[in-house]
Amino acid sequence: MTLRQKLLLVALCTLALPVAGWLYVRQMETLLREGQAQALVASARAMARSLVVVDAPLPPAGKAWYIQRTATAITMDGYADDWASLSPWAQPFGKNARVMLSEDDHWLYFYIDVRATNRRRADADDRLALNADHLILSIASGDDTQRYLVASAAPGPTTATALDPEAGVLPDRINAQWQEDGSGFRVEFRMPRGLRLDRFGLGVHIAAEGDSNPLTAESRPLLDFSTSLSQEVARLAPDGVRVRVLSPEAWLMAQSGKLDLPNLPASERPGWFASLVYRSLLATRLDEDGGWAEDAPRIDLPEVREALLGKPATAWRAGEARGSVVLAAAMPVEMGGKLHGVVLLEQPSRAVPLLANRALFGLMLTSFAVLLVAGGVLLLFATRLTIRLRRLRNAAERAQDNDGRLDGPFPLTDATDELGDLARSFARLFEVVGGYTDYLRTLASKLSHELNTPLAIVKSSLDNLDHAGLPPEAEPYLARARDGVARLGALVRAMSEASRMERAIASAEAEDVDFADIVRGCAEGYRGLAGDRTLDAVLPPTPVPMHVSPELIAQALDKLFDNALSFTPPGGWLRITLTETPEGADIELANEGPSLPAAMQGRLFDSLVSLRDKATPGDAPHLGLGLYVVRLVAERHQGTASARNIEGGVAFTLHLKGLPRQRLA
Amino acid sequence: MARSIAIVEDEPLIRANYVEALNRFGYETRGYGSRGDASTAFAMRLPELVIIDIGLGDEPEGGFDLCRELRAKSATLPIIFLTARDSDFDVISGLRLGADDYLSKDTSLHQLAARIAALFRRIESLKAPVSSETVISHGPLKLESERMRVLWNGIEIPLTVTEFWMVHTLVRFPGHVKNRDQLMREAELVVDDATITSHIKRIRKKFVALAPDFDAIETVHGVGYRWTP
């Protein structure tokens, strides 16, 4: 990871700022919400008490039948098509029956759906009817009650007959429609509203299930939306709140007020982005959307369910208008210890989200700007740092490649910070290294220069000694001394050879020559020196014109050949190969012999590196300069020298490109 | 009468050795330790041959200065540079100043004596008429062995004794390749390959300076050189 990436990562720390802000805003919002919820609960409680106190027509406690208002006309045919809009709120009865009730201006409609697969059929006037599948209906209006038996052996119109003696206005027979299929049967009938029914009872008797008392019917009060209760509620309801009164089974009994908010000017209305931010960051605790319950006759919401158990409850949900929320508070209405219903207060509001949004938005914008600025500043800083470091590194590498010397001053040494210190340390270090390298480089030639004089003294003295009339027994010692001096001389010459070669190589002049010619000439010359070793020369048939210094090339080849020859065992082989390359030519000198140790391959062409065993007495000394000269020659020709092991021997290769042509002034 | 030789060398041991050796060879040799001593002595009497070390005491280039001084006095006085230095630059500087030869201190006393003898012989023979037997001619080249002179189209090429011997070796068997060892032996030169190369280079330059189309000395890479008639 680069320094810049690291610093950018560090810049991410500023992200803690918006996170902290978000937590704060969220907490603030929670507090506000709690306060609002408590206020609404208090209102709901007051409302519930008021309803009891003013003796409002509250729904009765316990189970009841709820009569829905229908918008479509109901046809008496025994089929459920026209009941479709009401069927979601069908009221279950017993194990296998569902009941739907509805009313229009004149009639009260009943629809009873019974599931029974195992049937026993009989008509109502059959005397066995009570033993077959049948329904017992019971209706009450004021003090009058009447029971009816409904049964039919076949689908179609049927008549329910009264079981009890005549009772006031209640009819002694009811016309009904009976339909059935494999899954059960359905009965539909209607009663005029003029009867003012206030209770309705039902008994479902299926013969197959066994029934000890075939005449029972369970009677429950009839409920519907109460206008008078609504008016009562409207009187008591606080402003800006929708109040609904629900029966103990959560049926809607009364309603007052609306959820609408006053329209805000467009500029103050939160945009979709703000709403999204609010929903995603703050409003995570909103309850499921209760929108479906808007027009339903039954309000089945969690807070209502909780209130029906006797506990006040609140809930937050998203409002219909974008960016608004609705706070709902449900409060049980109890009278004489019995639950008579639930008061549900719903308060739409925009204030909380808006407040939170503004604060959050300000915070987000500020922290985002801070983040950007901090990131940008850090990036700039990191870039500058990286550039400076890179300059320092490049200078150090250049100096290293250049044996510790740098063309020009070391960069950044004027800087006052730690990088400046580092640069100055580097500069000092390379100064020392450079001086040391220079010293080493010149040591050999200096030493050889200094040694030349004493050597000349010894040599001339020995020459003089020849004529001093030495006794014959001294002659061998003289010869040995001469031999020693000769070797010393060779050593001294070799020591200064590198620097002399460097000078010679630097001043070499290039000519346009046929490279193949040079190599051929050299190979011919070497053949005589190879002795019993075989020397092959593999040359291209066509001339290889190049701009090189033939003397240097020949010299490098001499060194290579000399080196190869000394490693080739008697009777071994040597091979010179010249190949033309797109940029110049490669010369390879391969020979049979021991392979190169892997560790040495990179350093083989360095100065003063030798692979030979310690020289056998009498041999010319090897200072490891030969291959160094080869490298210098190759580099002078913009090329490289390399060595590698091959099958049964080693190969040294010169990759040459030719000397740069000098521009004629 | 013995020929007089002066040796200017700051190292007393070497000076003593050289003086004694040359005296033994029959020359009347005097040694001088510094440029000042030598100048004073030369002001009174010029020797017949001077051997000068380039570095003299505190003066690293003292030998060159002395050479310039002597050359001003006498255009024909043979001067041999003798030095521990062996860089091409020094050689070229010395020869440009008009030295007749340039030897490294590696050179044995015998080789030194041979050169001195050759230089004296050349001076002698210049006085005598040209004897035809010792003249080798190849096209424009005329080589007088006795006088150690080389003429190209009748113009003398100013070769040193060493260089003359090299050319002589090549010219005696035109077309034959002489390797570096042979050239070294013939020229009684103890140097390495690189020095032979620079000698040949200098010889070529001297010829080319007078005859720009000169290309009679051919390099046979990896082997040596030959004279192409």
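**A loop residue and its surroundings**

A: Let's start with Asp55(A), which is found in the loop between helix 2 and strand 1 (65-69) of chain A. Helices (H or I, at least four residues) and strands (E, at least two) are DSSP runs, numbered from the N terminus. This is a predicted model, in which local features need pLDDT of at least 70 and side-chain atom pairs count only at pLDDT 80 or more, while totals for chains, interfaces and linings use all residues. Residues are numbered from 1 along each chain as its sequence is written, and chains are lettered from A and ligands numbered from 1 in the order in which they are written.

Is Asp55(A) buried or exposed? Asp55(A) counts as exposed because it has 9 C-beta neighbours inside 10 Å. The cut-offs work like this: a residue is buried if 20 or more other C-beta atoms lie within 10 Å of its own, exposed if 12 or fewer, and partly exposed in between, with C-beta atoms placed from the backbone.

Now step back into helix 2 of chain A, residues 16-53. At 1.5 Å a residue, its 38 residues should span 56 Å, and the end C-alpha atoms are 55 Å apart, which agrees. The expected span is 1.5 Å times one less than the number of residues. The buried residues of this helix include Val25(A), Glu29(A) and Leu40(A). Others among them are Ser43(A), Ala44(A), Met47(A), Ala48(A) and Leu51(A). An α-helix has 3.6 residues a turn, so residues three or four places apart point the same way.

Arg196(A) sits in the loop between strand 9 (184-192) and strand 10 (199-205) of chain A. With 10 C-beta neighbours inside 10 Å, Arg196(A) counts as exposed.

Another positive phi, near 55 degrees, belongs to Gln638(A), which follows helix 11 of chain A. Ten of the eleven residues of helix 11 are buried, so this helix is largely enclosed by the rest of the structure. Tyr628(A), Arg631(A) and Leu632(A) are among those buried residues.

Which helix packs against helix 11 (residues 626-636) of chain A? Helix 10 (residues 550-567) of chain A does, at an angle of about 145 degrees and with the two axes 9 Å apart. Axes are lines fitted to C-alpha atoms, for helices over the stretch in contact, and angles run from 0 to 180 degrees between N-to-C directions. The residues of this contact divide into nine nonpolar, three polar and three charged. Here Ala, Val, Leu, Ile, Met, Phe, Trp, Tyr, Cys and Pro count as nonpolar, Asp, Glu, Lys and Arg as charged, and the others, Gly among them, as polar.

Helix 10 of chain A also meets helix 9 (residues 515-530) of chain A: their axes come within 10 Å and cross at roughly 35 degrees. On the helix 9 side, the contact includes Ile518(A), Cys522(A) and Tyr526(A), while the helix 10 side includes Pro550(A), Ile553(A) and Phe561(A). By class, the contact residues are eleven nonpolar, no polar and no charged. Two residues are in contact if their C-beta atoms, placed from the backbone, lie within 7 Å.

Ala510(A) belongs to this part of the chain too, in the loop between helix 8 (475-506) and strand 17 (511-514) of chain A. Ala510(A) is partly exposed, with 18 other C-beta atoms within 10 Å. Leaving out residues up to four places away in sequence, Ala510(A) touches His547(A), Val548(A), Ser549(A) and Leu659(A). Ala510(A) and Leu552(A) are 42 residues apart in sequence, yet 9.3 Å apart in space, C-alpha to C-alpha.

Finally, the wider setting. Chain A has eleven helices and 23 strands, and buried residues make up 32% of its 665 residues. In chain A, 66% of the contacts with a separation of 6 or more join residues 24 or more positions apart. Chain A also has a partner: 22 residues of chain B are in contact with 27 residues of chain A. Helix 1 of chain B supplies the largest share of the touching side of chain B, seven residues. The predictor gives the complex an ipTM of 0.76 and a pTM of 0.49.
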